[in-house]
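This briefing covers charged side-chain pairs and one group of strands. Look at the sequence and the structure before reading on.

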Amino acid sequence: MKLRNTLITLSVFLLFFGTARVHARQIKGNSGLPPKATEKPFEEKICDTTLTDRYRYMEKLRDPEVTAWLKAQSTYARTMLDRIPGRNELIKKMQDFDSRKSAKIYNLAITDNDRYFYLKQTPSDETGKLYYRNGYTGTETLLFDPSTYNQKKEAHYTIGRIAPSDDGATVALTVYPDGSENATLIIVDTDSGKWYPEAINRSRFASPSWLPDGRSFLFNRLEPSGAADTGPQYASKVWLHRIGTDPSNDREIFSSTLNTELGINPEDIPLASFDKESNTLFAFVSNVDRRLQVYYAPAAELQQKKISWKPLFRPEDDIHDFAVTDNELYIYTPKNAPGFRVLKTSLQNPDLKNAETVIPEFRDAKLTGFTLTSEGIYYKLSRNGVQEELYHQDYGSYLSSKITLPFKAGTISLSSKGFRFPEVWTVLTGWNRDYRRFRFDKTSFTFFDETLSSPARYPEYENLVVEELMAPSHDGVEMPLSLIYRKGLEKNGNNPVLLYGYGAYGKSMNPFFSPSLLLWTWKGGIFAVPHVRGGGELGYRWHTAGMKTTKANTWKDAISGAEYLVKNGYTSPDRIAINGASAGGIMVGRAITERPDLFAAAIPQVGAMNPLRGETTANGPVNIPEFGTMKIPEECRALIAMDPYLHLRDGVNYPAALVTGGINDPRVIAWQPAKFAARMQAATASGKHVLLFTDFEAGHGMGNAKTKNFETLADVLSFGLWQTGHPEFQK
């Protein structure tokens, strides 16, 4: 039983290169620039501060003037990016990497009777198709191809969530077009492959949870329209749907309007699930706050006119995850344990204050997750967010044993079928190690390779060096810093650095393997990840030290990471490119507004570049727990302090920039990067390019076709290599 944030972030990578040399080269390419945006100053007083918003009018994206400007900017940016020498070579290399695997398999779901459901992508596929098989070695059957869905519309469809029934006889899945996340839920019979007649729209947060009959499920559905000052995300509801019936006849189960006695904020996302192990219903009030708000009731309550929900967890209980057996509740919490611990109490009569400690907090590591099996508890520990270890503990015992992994792993993904089954699986990876999936057998203490994706070799990366360092930040706090580069690199100050970070929601930047991203190292550069505060690498306090009123630590940590690399001879300011996406745009934007001299290029992708105004958008209110609200003076001032758009100043020598957005983005509305780019173009005195590319066929990055992903990453890498002076990428 797990709940994670409804705001999904996109990991992307940006580059910085030399300042002085690049300036001279860029001046040559400035002919034919699109017109700068018209300034229409709008002045207002917010939390005792008078602010002038010069491009407030851009928040009306459908205004013909705004649309025309966005398209002109995007056309120019596309022309400039396509003309960068070396860009096409990067795309060809990505295609080469892709061709080395005959199949990539992901989004795996395994039912109790061992039916495997997953998405599979071959070199000829632009996106994943849904397949199933009986058991790991079973014959594979194609169940759903998104390219065949709704052929009347000229759109690219992607499969989102897949949710098979417990017996695997039926599967519910969501599909959405062009990265919009405007999902439609459809239901497929596994044996026949036929679709049921209903197609349920407004299913962005559907999260289907099947009931024991295998014919009905609980799911979230957005309202047809919100009030004038809200978006469609407002006041969504949980419904009970029976397959083969008209969705208009669905029964409302859980919502802010039905359950007024619970005081649910209508901007939050209600979710509900049925747990077969305990025969219990769980209802979640979801936003980006990792502290769970959960209610529960016996499944028999579904027979009543209205379910009598009882509180299980409140935010002040500080519970971040949980798992259940038939009568026990296992709790994952940082309360009185910033490195997290696992507690146990009764499910029927929970007593959180007197819960038993099952796995204690560790002094030198963070407890990052656990899963239950019939053979005990498996859990994992992380050292500085960059190395994970696996442990096993018998039920009723306080002694744990460390399990030797098939190879040293930067990241472990842990899964099981639940406490009635012995199977446990791990997916292992690292900065320079491809993903491998193993089933662990406790009886023989043996790992069996059950990797579903095809194997591939990458000799280009056989000599990569991984350095895991601790770098001092602005206040003396030690910050983890990961460096990946080719063996033999000289510390001569001339190495291009791609500084990639995020720093929000307690999300850790755990090691991952991306052959396409590592092309930065293939070209002789250093891929650097400063594990900035706001993430979760060093525990709960690392997160809270980079949110709301402490958010400045996020970009100051990034600045300190860049300064460390310069001081120790890895690079120089004219060789550093900084990148972050989504909430990582705050880190990028504020780093370059505070230290424009330290970076050669900035590439915020679909970035939150005007967070003060984010609260006014449909997805804004659910983000208040992370960034704060304008309604509380202290948090309002913090929002102003973290806003990159508001900190741009006229006449400053800003680095070059590639700013991107997606017109269908429901998470960070496209006017946020647009306003930032418009202001930066008007403010900068460096003469360097400030490119704005708004993709009119994409959203936040989810649902992009494979070719678009290659092209997007090639834009990032080639722009960074161009701006940092790499000889192969100069015009």
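A salt bridge is a side-chain nitrogen of Lys or Arg within 4 Å of a carboxyl oxygen of Asp or Glu. The structure holds 56 salt bridges. The model is predicted, so local features need pLDDT of at least 70 and side-chain atom pairs count only at pLDDT 80 or more, while totals for chains, interfaces and linings use all residues. Residues are numbered from 1 along each chain as its sequence is written, and side-chain values use heavy atoms, with hydrogens and water left out.

**Salt bridges**

- Arg100 and Asp96 form a salt bridge, with their closest N and O atoms 2.7 Å apart.
- Arg100 is partly exposed at 23% relative accessibility, and Asp96 is partly exposed at 28%; buried means under 20% relative accessible area, exposed over 50%, and partly exposed in between (1.4 Å probe, protein chains only).
- Asp289 and Arg291 meet in a salt bridge of 2.8 Å, N to O, and Arg291 is partly exposed at 31%.
- Another salt bridge joins Asp475 and Arg533 at 3.0 Å, N to O.
- This pair links distant parts of the chain, 58 residues apart: Asp475 lies in the loop between strands S31 (464–472) and S32 (478–486), and Arg533 in the loop between strand S34 (526–530) and helix H5 (540–544).
- Helices (H or I, at least four residues) and strands (E, at least two) are DSSP runs, numbered from the N terminus.
- Asp475 is partly exposed at 39%, whereas Arg533 is buried at 4%.
- A network of salt bridges links Glu44, Asp53, Arg56, Glu59, Arg613 and Lys675.

- Strand S36 (residues 601–605) is mostly covered, with five of its five residues buried.
- On one side of S36 the buried residues are Ala601, Ile603 and Gln605, and on the other they are Ala602 and Pro604.
- S36 runs parallel to strand S35 (residues 576–581), joined by five bridges; two strands pair if DSSP finds at least two bridges between them.
- Within this pairing, Ala581 stands opposite Gln605.
- The chain passes from S35 through helix H7 (residues 584–594) to S36 in a right-handed β-α-β crossover; right-handed means that, with the strands pointing away from the viewer, the path from the first strand over the helix to the second runs clockwise.
- S36 also pairs with S37 in the parallel sense over three bridges, and Ala601 stands opposite Ala656 in S37.

- Arg667 sits in the loop between strand S37 (656–662) and helix H11 (671–683), and Arg667 is buried at 7%.
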